[in-house]
Amino acid sequence: MILYGNDASPFVRKVRVVLAETGQDGAVTLERVSGTPVEPGTLPIERNPLGKIPALARPDGCTLYDSRVICRFFDERAGAGLYPAGARGWETLTLEATADGILDAAVLMRYEVVARPEAFRHEPWLDAQWSKIARALDALEARWMGHLSGPLDIGQIGVACALGYLDFRHPDRDWRAGRDALVDWEAAFAARDSMRATAPQG
Ligand code: BEZ
């Protein structure tokens, strides 16, 4: 299977961490592509009309996207249990949605800087995106540490990739300030082989 992605995208990283954690690294070949919403470049618009990565081309001709769908596909393929059943399952999906929401805002901030001419950059909009991220991080620190410390699931992988992306693209915002429990959790999770092997670059 061909996984369209690159080494900077945190959404692609989620998929790659799932592959590593579930022993499926060999199931895909990573085809590196790049672009922005303004200039699609080599993004696989013929595979995903939204032009987003990751996209997974399967041998049957079907292309899966986005990261939530692809992660679930590989979890089911391996019977890995990253999506638990019952009450913890709904919590897990909510945690994954929280992580993806952090990433959506963080990626929009990135595009505001690299894809929009500086004269049109809107600082209040950037700050509003960061406020959204900060509220989500505060919620993780206040309410989610028990879940984050439980058995491995897709919510934890999403949060780890989100925090890694904040370090990668927004280090000046200092997400760690005042969030000691999350800091300790991230340090331990970032030491996993799957995280070390997929550290963002670019
Ligand atoms: C980035 O370079 O920050 C990036 C790349 C692909 C998707 C999202 C973000």
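Which residues in α1 meet which residues in α2? On the α1 side they are F11, K14, V15, V18 and L19, and their partners in α2 are S67, R68, I70, C71 and F74. Please keep in mind that this is a predicted model.

**Helix α1 with helix α2**

- Helix α1 covers residues 10-21 and helix α2 covers residues 67-78.
- Their axes lie 9 Å apart, and the packing angle is about 5°.
- Angles under 35 degrees count as roughly parallel, and α1 and α2 are therefore roughly parallel to each other.
- Sorted by class, this contact holds seven nonpolar residues, one polar residue and two charged residues.

**Helix α4 with helix α7**

- Helix α4, residues 123-143, crosses α7 at roughly 85°, and the two axes come within 8 Å.
- The range from 65 to 115 degrees counts as roughly perpendicular, so α4 is roughly perpendicular to α7.
- From α4, the residues L137, L140 and E141 take part, and they meet D180, A181 and L182 of α7.
- The class count for this contact is four nonpolar, no polar and two charged residues.

**Around the ligand**

- The ligand has these residues around it: A8, S9, P10, V107, R110, Y111, Y165 and R169.
- Y165 places a polar side-chain atom 2.5 Å from an oxygen atom of the ligand.
- R169 also takes part, with an N or O atom of its side chain 2.8 Å from an oxygen atom of the ligand.
- The protein buries 85% of the 260 Å² that the ligand exposes when taken alone.

**Backbone details to look at**

- Most peptide bonds are trans, and most residues other than glycine have a negative phi.
- Going from I53 to P54, the peptide bond is cis, with omega near 5°.
- You will find P54 in the loop between β2 (29-32) and β3 (55-57).
- Y65 and D66 are likewise joined by a cis peptide bond, with omega about 5°.
- The loop that holds D66 runs between β4 (63-64) and α2.
- D174 is not a glycine, yet its phi is positive, at about 50°.
- The loop between α6 (154-169) and α7 (180-190) is where D174 sits.

Note on methods: Residues are numbered from 1 along each chain as its sequence is written. This is a predicted model: local features need pLDDT of at least 70, side-chain atom pairs count only at pLDDT 80 or more; totals for chains, interfaces and linings use all residues. Side-chain values use heavy atoms; hydrogens and water are left out. Axes are lines fitted to C-alpha atoms, for helices over the stretch in contact, and angles run from 0 to 180 degrees between N-to-C directions. Helices (H or I, at least four residues) and strands (E, at least two) are DSSP runs, numbered from the N terminus. Angles under 35 degrees count as roughly parallel, over 145 as roughly antiparallel, 65 to 115 as roughly perpendicular and the rest as oblique. Contact means heavy atoms within 4.5 Å. Ala, Val, Leu, Ile, Met, Phe, Trp, Tyr, Cys and Pro count as nonpolar, Asp, Glu, Lys and Arg as charged, and the others, Gly among them, as polar. A residue is near a molecule or strand if one of its heavy atoms lies within 4 Å of it. A polar contact is a pair of N or O atoms within 3.5 Å; within protein, one must be able to donate a hydrogen and the other to accept it, and residues adjacent in sequence count only if both atoms are side-chain atoms. Accessible areas come from the Shrake-Rupley method with a 1.4 Å probe; for residues, only the protein chains shown count as cover.
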